[in-house]
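Hi,

Here is the structure I promised to pass on.

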Amino acid sequence: MRDRVERLTATLEERELDALIVGDLVRPGDSGRTDMVNLRWLTGFTGTSGLVVVKPEEALFVTDFRYADRVRTELDGLEVVTAERQIVPAVASRLEGRVGFDDAHTSVQVHGKLAGAVPSSVELVPAAGVVEDLRRRKDARELERIREAARVADDVYEEVVGRGLAGRREDEVAAAAAAAIRARGAEPSFPAIVAAGPNGALPHAEPSEREIGAGELVVFDLGAELNGYCSDCTRTFAAGEPGDEAREVYEVVLGAQDAALAATVAGAGARAVDAAARDPITEAGHGEEFGHGVGHGVGVEIHEAPRLGKTSDDELVAGDVVTIEPGIYVSGRFGVRIEDLVAVTPDGCENLSSLPKDLRDVG
């Protein structure tokens, strides 16, 4: 992890910072917070209370007595300070100049406590997104871990839909998917979406006790988290013959996704990738039925930068891992979404989702 700290150190000068705080400030630890996710990515620390102060010439890790032994095995090459209680006061006197902090995940109350702990000569500078920008560019090891998580998701799809879908309850199918993910040594990266018939017209439907009817389309969205990295994939299946209209809508979404995949390359604007999918859907008369962005970044969190949508100013870079997931949602009747997870390269993208994308009648 030392190389990541060095990469972060290199950004301080361009941000005109004398130091950057990453991790827990003065509130109780919560390993699900983005600031703690950033700390885990940066240092390898898996506890719930800790921070690292990164300076041009040094990096200082601070935690409390509960993790004094753990840091010896998890951290490499960082000076460690063990605090008795709150961890910011333990290093406050060692801070000087312009000190960056994650303002996106720091409440007004926490900022006030931080300001009260550091010397009056310290200028606290908003610096949200610094670590997230580094996280975007996945290295070879990270990409392999995401590939592994994607393979788990693909295998789970084949197992669960191999039993058929008609006559099964949405929540039972979702529970079967979660169990199959855990049986492979992973965890769901988010609660699976299983949405049949009219429920499929709700992009973020929650699985219900509703029984999947014969001939209905089923929007099935799941992902796995393995070795700290997430995957995300959606397929729409048919639980019997769905009829001509549903097949036509499916082909529109599939064509839109193909166009967006072709537009996904390092240097492409997020709006352009979104437009590549949105334009054919609009031309087919379904523009009002595609209301979300075409994708988002995936890595140690299931939703991270970049954001691919019609209002996004992001630009794709090599190493991004993003979803491409256009959809059409016909209110009260059915929905279609097709989602692949792809790694952005200088020449295009590598598709990490291996499931076929023809409309499969799984009965």
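The lining of the largest cavity has nine nonpolar, five polar and four charged residues (Ala, Val, Leu, Ile, Met, Phe, Trp, Tyr, Cys and Pro count as nonpolar, Asp, Glu, Lys and Arg as charged, and the others, Gly among them, as polar). Of these 18 residues, Ile21, Val22, Asn38, Phe101 and Asp102 lie nearest the centre of the cavity. Strand 1 contributes the most to that lining, with four residues. The cavity has a volume of about 130 Å³, the volume being the space filled by probe spheres set on grid points that are joined across faces, edges and corners.

On terms: on a 1 Å grid over the protein atoms alone, a cavity is a set of points where a 1.4 Å probe fits but cannot get out, while a pocket is an open set with protein on both sides within 12 Å along at least five of seven lines; lining residues have an atom within 4 Å of a point. Strands (E, at least two residues) are DSSP runs, numbered from the N terminus, as are helices (H or I, at least four).

Please keep in mind that this is a predicted model, where local features need pLDDT of at least 70, side-chain atom pairs count only at pLDDT 80 or more, and totals for chains, interfaces and linings use all residues. Residues are numbered from 1 along each chain as its sequence is written, and side-chain values use heavy atoms, without hydrogens and water.

The largest pocket has a volume of about 480 Å³. Among its 28 lining residues, His204, His292, His296, His303 and Glu325 are the closest to the centre. The lining comprises nine nonpolar, nine polar and ten charged residues.

Best wishes
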